[in-house]
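Trainee: I've got a protein model open and I'd like to learn how to read it. Can we go through it feature by feature?

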Amino acid sequence: MTPIDSAPARFALFGHPVAQSLSPQIHAAFARQLSIPLQYTAIDATAEAFADLLARFAAQGGGGANVTLPLKQQATALCGSLGDGARRSGAVNTLVRNDGGWHGENTDGRGLVRDLTERHRLDLRQRRTLLIGAGGAARGVAPALLDAGIGDLFVVNRTPERTDALADALGEPGRVHPRYMDDLKAMGEFDLIVHATSATRSGSLPSLPMSLIGTRATAVDLNYGDSAIPFLAWARAAGAHDAIDGLGMLVEQAAESFRLWHGRRPATDEVYAELRQRHALLITAD
Ligand code: ATR
């Protein structure tokens, strides 16, 4: 219970860059919906500055935080305890203040699965899946995709050592297969392809053969806005059945974080619809 005359609880997003993030307005909308007073700000933090800025935030009464690119893996080391998804993925996107320290969770995967299965009504079971990327975003979603019942999971990444590290961390050698980017042409068709690199934020999509797209393929980009356009345009041109950006996942992971901090999960449809109006997916197969 928050006393009426106390300052609103403080929450923040740490990442670099964060200026364009939608998270502050998503959390503000959830707070209005559930009448929970809070302050949620974006704090620009490089990898070098992150630990100090987080300690300062805690000293100033910070109650919880989100962590985004490029800090999700680094954040695990700053946590006194980790939830199951964060432990299995080695990446944290949500910090909860706990006994003077931080408890780390990862809500990205649950958010993605909820967006795909409930908003888009997709059945993920037994889908032969390709995950492109092995950084914090890829790590965050991989355990939840496996839990959702996908079939085999193939992982590729520009830096092969990170592919191997992610496959090892997931610990299901019969089901999770690390591969080289150069192998993509010989890997056959997939039913689900998840693009989880940050490459398109600087405008360069890794080279992908169209033979990856199966007839019922769903292509998902964990990015949204302009960064999602190159991959989803490629997927449409290759004949994907569905092309989905990361906006829905963003709203769903935020709702999961909100629940961890405040004990109540906000409804997400209205917030999603409002953001979608401003971030329309204008992608055609032409
Ligand atoms: P995030 O939290 O978004 O995953 P990250 O942990 O910094 O951020 O990881 C970025 C991901 O995008 C990695 O998979 C990275 O590949 P490397 O592990 O080889 O660095 C990938 N990435 C970034 N720029 C890329 C590019 N130009 N081409 C291919 N992959 C790229």
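Trainee: Let's start with Asp99: where is it found?
Mentor: Asp99 sits in the loop between β5 (94-98) and β6 (101-105). Those labels are DSSP runs numbered from the N terminus: helices are H or I with at least four residues, strands are E with at least two. Asp99 also has a positive phi of about 50°, although it is not a glycine.

Trainee: What should I keep in mind about the model itself?
Mentor: It is a predicted model, so local features need pLDDT of at least 70 and side-chain atom pairs count only at pLDDT 80 or more, while totals for chains, interfaces and linings use all residues. Residues are numbered from 1 along each chain as its sequence is written, and side-chain values use heavy atoms, with hydrogens and water left out.

Trainee: Which peptide bond is cis, with omega near 0°?
Mentor: The one from His16 to Pro17. Pro17 belongs to the loop between β1 (9-15) and α1 (23-34). A cis peptide bond also joins Leu69 and Pro70, with omega about 0°, and Pro70 is in the loop between β3 (62-67) and α3.

Trainee: How is the chain divided into domains?
Mentor: Domain bounds come from an automatic or database domain assignment. Here domain 1 is 10-106 + 253-278, and domain 2 is 110-245. Taken over C-alpha atoms, their centres are 24 Å apart. Domain 1 gives 20 residues to the contact and domain 2 gives 19, where contact means heavy atoms within 4.5 Å.

Trainee: How much area do domain 1 and domain 2 bury between them?
Mentor: Buried area is the accessible area (1.4 Å probe) that two parts lose on being put together, summed over both. For this pair that's about 1600 Å², with 42% of it on carbon and sulfur atoms. On the domain 1 side, Gln73, Arg88 and Ser89 lose the most area to domain 2, together 35% of what that side buries.

Trainee: What about charged pairs?
Mentor: Side chains of opposite charge can pair when their charged atoms come close. We call it a salt bridge when a side-chain nitrogen of Lys or Arg is within 4 Å of a carboxyl oxygen of Asp or Glu. The whole structure has 18 salt bridges, and 4 salt bridges are counted between domain 1 and domain 2. Arg119 forms a salt bridge with Asp269, their closest N and O atoms being 3.5 Å apart.

Trainee: Which elements give two or more residues to the side of domain 1 that touches domain 2?
Mentor: They are α3 (72-76), α4 (84-89), α9 (247-262) and α10 (269-278). The residues on that side divide into 4 nonpolar, 9 polar and 7 charged.

Trainee: And how far apart are the closest N and O atoms of Arg88 and Asp84?
Mentor: They're 3.3 Å apart, in another salt bridge. Arg88 and Asp84 are 4 residues apart in helix α4, so about one helical turn separates them.

Trainee: Which residues does the UniProt annotation "domain: SDH C-terminal" cover?
Mentor: According to that unreviewed entry, residues 246-276. UniProt annotations may be inferred rather than shown by experiment. In the model, residues 246-276 are 77% helix and 0% strand, with end C-alpha atoms 11 Å apart.

How values were computed
Nonpolar A, V, L, I, M, F, W, Y, C, P; charged D, E, K, R; others polar.
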